[in-house]
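Dear colleague,

Please find the structure below, with my notes after it. I should be grateful if you would read the notes alongside the coordinates.

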Amino acid sequence: MDLITKTNLQPTTSVSNGPRMSVEVITPAIAEEMLKHNSRNRPIKRSQVVFLTNEILTNRWITTGQAITFVGKTLVDGQHRLQAVIEAGKSITSCVIRFPSTANTKQIYQVTDRGVPRTFADTLAMQGESHVGVLTTVLLGLDRYYKAIDAVGEIAKTIPYTSQTRAANKTIRSRNGDENTHKKPLSHITQLLEQYPFARNSAAFGQKMSAARPQILMKGQWGLLHAIYTDIDESSASNFLELLQSGENLSRHSPILQLRERMLSMRTDKTRDSQGIGIQILLALSNAAWNAYRTDKPVNLKKITPGDPIQIAR
């Protein structure tokens, strides 16, 4: 079978005794034939194949400079893309590099896939956004929080401690907003920003609060709380969070003072892991304090422990 099905627009380029480079249409049949020469690669990761298959089926596949690579007839890079083509049943266009069989296969393996993958924060930075680490954390946190509410229904009072809130711990704990979780396409973060444009102001708020002392929360946590409460009442949100940081003129029974003392205690608790305060206990405590503040009702935050349901902020 002829494995070279070039596009009409991109000619093959080559260097004498060096690699041949071309842009080719990879059909499912060609992908299957190429994979027959996949004898020296790492094991295929199913999660990556599923992700790429979905990209192809939803027409999000884009031809880039990342090439399917051969040394002689041996495939050294591209097995996940080729498997995805087969499973999608659709052709793609891809760069293909063919090194001569005399090339040093071991060295090529060692430097393949050594680049730093782009992250959600990188995507936002390339779009000219500010505070991209905080903004990423806020957007992903909002997405999971509102999806959790959708799962239990708007009339529910609490969100149970489910696998969804456990998964959210991973994102809010990211200090740099550089986690590209669950193999979402990079366009996912852009879509979230379109859905929650107010997150920009919340990210700026989180960045500002990170300089305040004592350090009660991480900047991504400040940003997420600001976004959730601003979506309910912007004026009350700013007042609530600024009092949480300053602690000024709070009565002994104030829910904000209770929250502040609990957060400071958890920040200095040497028995806790070094990652800090997780999203579940953060929202369980903060939302309970917020709702008490908004309704002027008493609350006892000492009774709330990790694993308890999260009140939905009202």
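Helix 2 is followed by N59, whose phi is positive, near 60°; helices here are DSSP runs (H or I, at least four residues) and strands likewise (E, at least two), numbered from the N terminus. The model is predicted, so local features need pLDDT of at least 70 and side-chain atom pairs count only at pLDDT 80 or more, while totals for chains, interfaces and linings use all residues. Residues are numbered from 1 along each chain as its sequence is written, and side-chain values use heavy atoms, with hydrogens and water left out.

Helix 2 itself covers residues 46–57, and its twelve residues should span 16 Å at 1.5 Å a residue, in agreement with the 16 Å between its end C-alpha atoms; the expected span is 1.5 Å times one less than the number of residues. V49, F51, L52, T53, E55 and I56 of this helix are buried, that is, under 20% relative accessible area, with exposed meaning over 50% and partly exposed in between (1.4 Å probe, protein chains only). Their cover includes helix 3 (79–88) and strand 5 (92–99), judged by contact, meaning heavy atoms within 4.5 Å.

Positive phi values also occur in two loops. N249, between helix 11 (234–246) and helix 12 (255–268), has a phi near 55° and counts as exposed because its relative accessibility is 81%. D296, between helix 13 (279–295) and strand 7 (310–311), has a phi near 60° and is likewise exposed, at 71%.

Finally, a cis peptide bond joins R213 and P214, with omega about 5°.

Yours sincerely
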